[in-house]
Amino acid sequence: MAATATATRTELENVVSTIDEAKAKVDPELTCSMQVEYPSEELARIVMVTLSVDAELQPDKVARTMEVRGGRLSISFRATDARFLRASFSSFMDMLVLATRTIEEFGPSSIHAASA
């Protein structure tokens, strides 16, 4: 009975190894990009700086870059696994929606008044 358990474990390890190798060949890196338009470059930069505070939890598996051009905030994600990409993107979207709704609620005039 012990010999069968060892053989089964070895076979399983070989299958897992083969699957990992196949995944590495198919999806060496996954990407996702998006852009959000804001009324001004200043507002886009405020959102970018706000969202930059929260670093990726696993930077060796997910990388996020952001840049502002005009009133457009561009965000790109790179990940080694679809699960990490989904989790990172989903969490980021929650924060992006919150930041955008805050700007919509209080408006650019509130931001300018607070900084004065």
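**Pocket, sheet and ring pair in a predicted model**

In this predicted model, 13 residues line the largest pocket, and those nearest its centre are Glu56, Leu57, Ala87, Ser88 and Ser91.

User: Which helix gives the largest share of the lining of the largest pocket?
Analyst: Let's see which elements take part. E2 and helix H3 (82-115) each supply at least two residues of that lining. The largest share, 6 residues, comes from H3.

User: And what is the volume of the largest pocket?
Analyst: Start with what surrounds the space: the lining has 7 nonpolar, 3 polar and 3 charged residues. The volume of this pocket comes to about 210 Å³.

User: On to the sheet. In what order do the 3 strands sit?
Analyst: Follow the pairings. E1 pairs with E3 in the antiparallel sense over 8 bridges, and 8 bridges also join E2 to E3 (residues 72-79), again antiparallel. The sheet is open, and its order is E1-E3-E2.

User: Why is one side of E1 and of E2 left without a neighbour in the sheet?
Analyst: Strand E1 (30-37) and strand E2 (62-69) each have a single partner strand, so one side of each has no neighbour in the sheet. In other words, both stand at the edges.

User: How much does the sheet twist from one strand to the next?
Analyst: Think of the strands in their order, E1-E3-E2. Going from one strand to the next, the twist averages 15°.

User: What is the phi of Gly70 in the turn?
Analyst: E2 and E3 form a hairpin, with 2 residues between them. Gly70 sits in that turn, and its phi is positive, at about 65°.

User: At what angle does helix H2 run to E2?
Analyst: H2 covers residues 41-52 and lies across both E2 and E3. Its direction relative to E2 is about 160°.

User: Is the aromatic pair of Phe77 and Phe89 stacked or edge-to-face?
Analyst: The structure holds 2 aromatic pairs, and this is one of them. The ring centres are 5.5 Å apart, with 80° between the planes. Planes over 60 degrees apart count as edge-to-face, so Phe77 and Phe89 are edge-to-face.

User: How many residues apart in sequence are the parts that this pair ties together?
Analyst: Phe77 lies in strand E3, while Phe89 lies in helix H3. The pair therefore links a strand and a helix, and the separation in sequence is 12 residues.

Note on methods:
Residues numbered from 1 in each chain as written. Predicted model: local features only at pLDDT ≥ 70, side-chain atom pairs only at ≥ 80, totals over all residues. Heavy atoms only, no water. Pairing = 2+ DSSP bridges. Helix = DSSP H or I, 4+ residues; strand = E, 2+ residues; numbered from the N terminus. Axes fitted to C-alpha atoms, helices over the stretch in contact; angles between N-to-C directions. Contact = heavy atoms within 4.5 Å. 1 Å grid on protein atoms, 1.4 Å probe; cavity = no way out; pocket = protein on both sides within 12 Å on 5 of 7 lines; lining within 4 Å. Points joined across faces, edges and corners; volume = space filled by probe spheres on them. Nonpolar A, V, L, I, M, F, W, Y, C, P; charged D, E, K, R; others polar. Phe/Tyr/Trp six-rings, centres within 6.5 Å; stacked < 30°, edge-to-face > 60°.
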